[in-house]
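I begin with a single loop residue and then widen the view to the strands and the chain.

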Amino acid sequence: MAQGRGGASAGRAIGAMAFAAVACCCCVVIADAATTYYVGDSNGWSFSSPSWPNGKHFRAGDTLVFRYIPWIHNVVAVSEDGYNGCTTPPGSRTYTSGADSVTLAKGDNFFICTRFGHCNLGMKLVVYAA
């Protein structure tokens, strides 16, 4: 009988260790999960968006969601030169759905609106991702 109880105790100990290992793995996965941010929060992608990243800490792999009225705005992912000059260099990606998701790359990520001269009026955004 004593052997039976010892075997049961060992089985419970192994089960508890397995549960702890799985729980630790889940915590690591959750800690590394990317975050989704809504550009401009409740205001969406707008002329007030350039200051929106202030105080936020982005990581490569995080997602930005740009919400806007498509016939008024768009989102163009550009280079630093495109950002500074409000131009669309070859290879730039243009988004026009009104609910666009963009995954951040490491470093500076530059976005502009090219409709109706909006970029020249200040509708542009730079987001740094660590």
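**Notes on the predicted model**

1. Ser92 sits in the loop that lies between α2 (80–85) and β4, where helices (H or I, at least four residues) and strands (E, at least two) are DSSP runs numbered from the N terminus. This is a predicted model, in which local features need pLDDT of at least 70 and side-chain atom pairs count only at pLDDT 80 or more, whereas totals for chains, interfaces and linings use all residues. Residues are numbered from 1 along each chain as its sequence is written, and side-chain values use heavy atoms, with hydrogens and water left out.

2. What does Ser92 touch, leaving aside its neighbours within four places in sequence? Ser92 is in contact (heavy atoms within 4.5 Å) with Val76, Ala77 and Val78.

3. Strand β3 (residues 75–78) pairs with strand β4 (residues 93–95) in the antiparallel sense over three bridges, pairing being assigned if DSSP finds at least two bridges between two strands. Within this pair, Val76 has Thr94 of β4 as its bridge partner. Three bridges also join β3 to strand β6 (residues 107–112), and these two run antiparallel; here the bridge partner of Val78 is Phe110 in β6.

4. An open sheet of three strands, with mixed pairing, has the order β1-β2-β5. Its edge strands are β1 (36–38) and β5 (99–103), each of which pairs on one side only. From one strand to the next the twist averages 25 degrees, with axes taken as lines fitted to C-alpha atoms and angles running from 0 to 180 degrees between N-to-C directions. β1 and strand β2 (residues 63–67) pair in the parallel sense over three bridges, and Thr36 stands opposite Thr63 in β2.

5. For the chain as a whole, there are two helices and seven strands, which run α-β-β-β-α-β-β-β-β from the N terminus on. Of the contacts in the chain with a separation of 6 or more, 66% are between residues 24 or more positions apart.

6. Buried residues (under 20% relative accessible area, 1.4 Å probe, protein chains only) make up 33% of the 130 residues in the chain. The chain exposes about 7,900 Å² by the Shrake-Rupley method with a 1.4 Å probe, and carbon and sulfur atoms supply 61% of that area.

Definitions and conventions. Buried < 20%, exposed > 50% of the residue type's maximum accessible area, 1.4 Å probe, protein only.
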